[in-house]
Amino acid sequence: MNNPFQTFVLFILLINVSCAQEDTFTNCDNICEKATSIEEINNIPAKIVQLQNTKYNLDYMFLDINPEFLDKEGYSTSNETVLIPCELDKSYTDGMKVIISGRKTDCCNIISLPSIRKSWGCKFEITSIEHQPD
């Protein structure tokens, strides 16, 4: 007993679900699934950085906690100061200042830029993130 109306409604619902736009930016793609926490970070300032390089197919959004870069252009390239959350809400934009808490893991060197032969950034599990007013 297939009702044509029910089939039509189901079809429309499937189209809407498959066309929904993602609300989060994803960095990890199953990298280091068994990463171990190595440092607890509580309420420290950070700057959102979006790194895009089409030549090397890079598109990352990360947190830079280096005080030298909080109020100026650029970003640090260190495992000590670059934290890479697996998912970050797209409402956070490049250059935005935030206050973060979470756990830094032992999974590092996630971002790799072949032109400078360098890798940096550690996977970060966010427990709290708040926009810091300018």
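Reply: A residue counts as buried under 20% relative accessible area, as exposed over 50%, and as partly exposed in between. The model is a predicted one, and within it there are 2 aromatic pairs. In one of them, the ring centres of Phe62 and Tyr75 are 5.6 Å apart with the planes at 80°, and because planes over 60 degrees apart count as edge-to-face, that is the class of this pair. Phe62 belongs to strand β3 (residues 58-64), whereas Tyr75 sits in the loop between β3 and β4 (82-85), so the contact ties together parts that are 13 residues apart in sequence. Phe62 has a relative accessibility of 0% and therefore counts as buried, while Tyr75, at 27%, falls in the intermediate range and so counts as partly exposed.

Tyr75 also pairs with Trp120, in a stacked arrangement with 6.3 Å from centre to centre and 25° between the planes. Since Tyr75 is in the loop between β3 and β4 and Trp120 is in strand β7 (residues 118-131), this pair ties together parts that are 45 residues apart in sequence. With a relative accessibility of 1%, Trp120 counts as buried. Taken together, the ring pairs link Phe62, Tyr75 and Trp120 into a cluster, in which Tyr75 takes part in both the edge-to-face pair with Phe62 and the stacked pair with Trp120.

A further ring contact involves a charge: Lys72 lies over the face of Phe69, at 5.3 Å from the ring centre.

Methods. Residues numbered from 1 in each chain as written. Predicted model: local features only at pLDDT ≥ 70, side-chain atom pairs only at ≥ 80, totals over all residues. Heavy atoms only, no water. Phe/Tyr/Trp six-rings, centres within 6.5 Å; stacked < 30°, edge-to-face > 60°. Helix = DSSP H or I, 4+ residues; strand = E, 2+ residues; numbered from the N terminus. Buried < 20%, exposed > 50% of the residue type's maximum accessible area, 1.4 Å probe, protein only. Lys NZ or Arg CZ within 6 Å of the ring centre and 35° of its normal.
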